[in-house]
Amino acid sequence: MNVVGKPQPRIDALERVTGKATYTNDIHLDGMLYARILRSPHPHARIRRIDVSKALALPGVKTVLTNENCQIVFGAGGIAGGQQYNDEIKKITKQRRYVFNNPVRFVGEPVAAVAALNRHVAEEALRLIQVDYEELPFVLEPEDALKQDAVKIWPEGNLSLNQRNEAQPMTTRRGDVQEGFQASDLVFEDHYSTAFVHNAQMEPRSCVAHWEGDKLTLYTPTQGISNCRQDVARDLGMPQDKVQIICQYMGGGFGNKNQNQDADLITAMLAKQAGAPVKLEYTRKDDFIGVHGRWPTVQYYKVGVTRDGMLKAIQLRGYSGMGGYRKNTGAIGGIDIYQCPHIESVIYPVYTNKTVSGNFRGPEYPQGYYGIESMMDDVAYKMKMDPVDFILKNMTRKSRDEVPYTNYSLEECIRRGAETFEWKKRWRPQPGSDPGPVKRGAGVSFMAFRSALGRSNAVIRLDGRGMYTVFVGVTDIGAGAKTTMAIIAAEALGVPRSKIDVVWGDTDRCPYSVGESGSRTTIQTGYAVIQAAEALKRQISEKGLPVGDSVLVGSASPNPTLEGKVRAAFAAHFVEVEVDTELGHVRVTKYLAVHDSGRIMNPLTARSQIKGGALMAIGMALHEDLIYDRRNGQPLTAGFYGDRIITHRDAPEIEVIFIESDDGYGPYGAKSIGESSKVPAVAAVANAIFNAIGRRMKDLPITRDKILGALA
Amino acid sequence: MSKPKSKKKISRRKFLKGTGTALAVATAAPRIQTQTPVETVPKTSIRVTINGAERRVDVEDRWTLVELLRDHLNLTGTKIGCDRGECGACTVLLDGRPVYSCSNLAVWADGRSVQTVEGLAQNGRLDPLQQAFIDHDAPQCGFCTSGQLMCAKGLLNRNAHPTADEVRAGMTGNLCRCAGYNHYVEAVLAASKGGAR
């Protein structure tokens, strides 16, 4: 390997430190109007009448949209049965989400949108729109929403329908749990709950739309330009080639910017109606309550083990709060990392009158792992076993006990981590045994995360100057996709990275790519880059190097599959915390993350991602929470300050060890990275707190008041 | 907000006629005025030094400093993350000290000096902080980076050789959701040890 595996700065690092990187809100088009959105102040209400006449009469206001003059289905905003919206599902679903809905089902739901000559006029116009609401009863918690007398958020009830329009929970079974419990010597039961946490990416959503004839160009921060184009075209009833999506730089997303959003559709329609380009800017509060965050959950576990600590049965009954619309599955993941003959998982995705839940870095895992890993940590303690020994005894060795992994390094991650971390020294056999008011303890958690192969495309052009231009439909959410593609291209072509240009983030210039979601970019598009490089090299060997104005082009559209195997990235995290039992304050004093993400393309940026995911998870474990007022259904902490994401001052050093492997798949053996470090981290912190204070914290976030309450 | 004193009427037709021709992304030279005034709002003429160059600008009294920089001076390197003083993405130096430009009115900059990320590199040479940010992979998505840079610059102006804890304390008002905190602190320490100032 000449380029792959060498720590190297990003190809666009200069733009990022000089202010030259162009984000969506930096786009300015001549004659551009500014847009703002009026949102529902009620958690559940029917709109009797909207009067926009005063707003339209305000000088400078160009157009106002409401559900009366804009009835567009927001396909990605309310999927059926947890499945992506396609034409088939669009036809059958009973629970269709529009851009503007009536009734409104959560505080923050769009009611009207205004485009005006400047943002001050647009904001003034919002105040002049008169909405006559009939307030309806509301329900905030998923278990309450399933009660007989709960208000129905949808006519069919509050359990979200599956693809066949049936009100059924998501159920998976292996073996027979009742048989498993009978075969167990000991059975443990407990429950855990997790909060709604917002993606809170630094860049609030914005969008710039402009039409030239029947062609729409959207500048929008999306994690997948190809999927965004497909969604926008479908929702607006346009052919895909009439929609151009441009996303050059974006300020993070973590799942919040997957596909398209209603903001894109609203901006497009405002621009069409106004006959001028329009820029929509979200406020931070708009972003918090108007897009989506991680679904809150309640998880009831029952676990059966033999006297020597072997798992026999795991049963999970879970409830996920989806908000007013179901934007993702609402699954609760994690059980599958244990080897266990009898498993049953029954998850209820439930509508509530809170803001919508959707993708956020490892969508169903950090909250699910917190539940199952806390539960198993507790089982180990109750059986007087070291949690590391319990894990080594019971962790997954084949996917779902059946299908072999392409490589298996989980045991190495755990053993190497325990040794480096000095687990035996830091872990307290007797939880809460430190004398002082400040007590220390250690926790562990581990994970396996999908690293599946899949289709993508790449085109590489070699010109007479000897420059290779790689065309890939990636954006750069911050993980460094552009740089990674350049590294892979340089390696595959056998040329220095300085000979590579990357063209990205524009659907008119780049071929389809899956986009920055599911930690798939490197694996899927990176593999396509290698294949395109091979195609180009064949051309070069046949025709020789191009000279003058001539060019050679290599392209590839691979769709590799795995036969009878599963690919997964593995990790183990070890955390030491210090808990001030008088103040309830938790400080992370040591953190080690050991990851097998296959071969690492660029250790510098890979480390950034692992550290970032772990730090973000510490915030989720300790403070992040979109709190609602039970009396009126109002969100109280919508913003950075209220939600308390982690800051410089709270952030400990994260040590990272990569156990590199090459399983023969993907680009040079690369596996997933982006989401993986967040998956086990919350559980590891929670387990460390238990070890320090001897009290099991069963409700996220583990705030000071809860710790003091548990110790009282 | 006060009621507009007089209203300048612009018809939709007239507006579209005037703007429908050139729809290119503006990357050209800075412009002072990009938004068509539709109402008479109080304005003040201020004299402000931006990245070393003194200029006179007519600002609406309601404009924040970041609005002036981004929308009217085309200095879009400064970002708006929250527009309410919570995240630090809009940090610039006002007379050498870091401030949130979303929480300062543009008129308050009258007679003062503003430095933005665009003014960090001198004569084509990167500031040592910029180079250290690149070397340590401090920016991930990059959206908070300008603010982190300006805050760090202000910190090093006051304290040329901070400890790691002083860097964390000094920059704690600058959030990073990618949580590149470890690398930001490493980068600031590396730049301060370079002896560049």
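Leu33(A) counts as buried because its relative accessibility is 0%; buried means under 20% relative accessible area, exposed over 50%, and partly exposed in between (1.4 Å probe, protein chains only). Leu33(A) belongs to strand S1 (residues 33-39) of chain A. Helices (H or I, at least four residues) and strands (E, at least two) are DSSP runs, numbered from the N terminus. Leu33(A) and Ala209(A) are 176 residues apart along the chain, and their C-alpha atoms are separated by 9.9 Å.

## Basis of the report

The model is predicted: local features need pLDDT of at least 70, side-chain atom pairs count only at pLDDT 80 or more, and totals for chains, interfaces and linings use all residues. Residues are numbered from 1 along each chain as its sequence is written, chains are lettered from A and ligands numbered from 1 in the order in which they are written, and side-chain values use heavy atoms, with hydrogens and water left out.

## Nonpolar cores

A nonpolar core is a set of buried Ala, Val, Leu, Ile, Met, Phe, Trp, Tyr and Cys residues joined through side-chain atoms within 4.5 Å. The largest one has 180 residues, and those with the most contacts inside it are Ile314(A), Ile500(A), Tyr591(A) and Ile689(A). Helix H18 (residues 678-693) of chain A gives the most to this core, namely 11 residues. A second, separate core has 42 residues, among them Ala209(A), Ile225(A), Met238(A) and Ala268(A).

Contact means heavy atoms within 4.5 Å. Apart from its neighbours within four places in sequence, Ile689(A) is in contact with Val577(A), Val579(A), Val586(A), Leu622(A), Gly694(A), Met697(A) and Ile702(A).

## Backbone exceptions in chain A

Most residues other than glycine have a negative phi, and most peptide bonds are trans. The peptide bond from Asn102(A) to Pro103(A) is cis, with omega near 10°. Pro103(A) lies in the loop between helix H3 (87-92) and strand S4 (110-116) of chain A. Another cis peptide bond runs from Leu700(A) to Pro701(A), with omega near -5°. The loop holding Pro701(A) is between H18 and helix H19 (704-711) of chain A.

Arg400(A), a residue other than glycine, has a positive phi, near 50°. Its loop is between helix H11 (387-394) and helix H12 (410-421) of chain A, and at 44% relative accessibility Arg400(A) counts as partly exposed. Arg644(A) also has a positive phi, near 55°. Arg644(A) is in the loop between helix H17 (640-643) and strand S24 (655-658) of chain A, and is partly exposed, with a relative accessible area of 40%.

## Chain B

Chain B has six helices and five strands, in the order α-β-β-α-β-β-β-α-α-α-α along the sequence. Of its 197 residues, 50% count as buried. Among contacts in chain B between residues at least 6 apart in sequence, 59% join residues at least 24 apart.

Helix H3 (residues 128-135) and helix H4 (residues 145-158) of chain B pack at an angle of about 130°, with their axes 10 Å apart. Axes are lines fitted to C-alpha atoms, for helices over the stretch in contact, and angles run from 0 to 180 degrees between N-to-C directions. H3(B) is therefore oblique to H4(B); angles under 35 degrees count as roughly parallel, over 145 as roughly antiparallel, 65 to 115 as roughly perpendicular and the rest as oblique.
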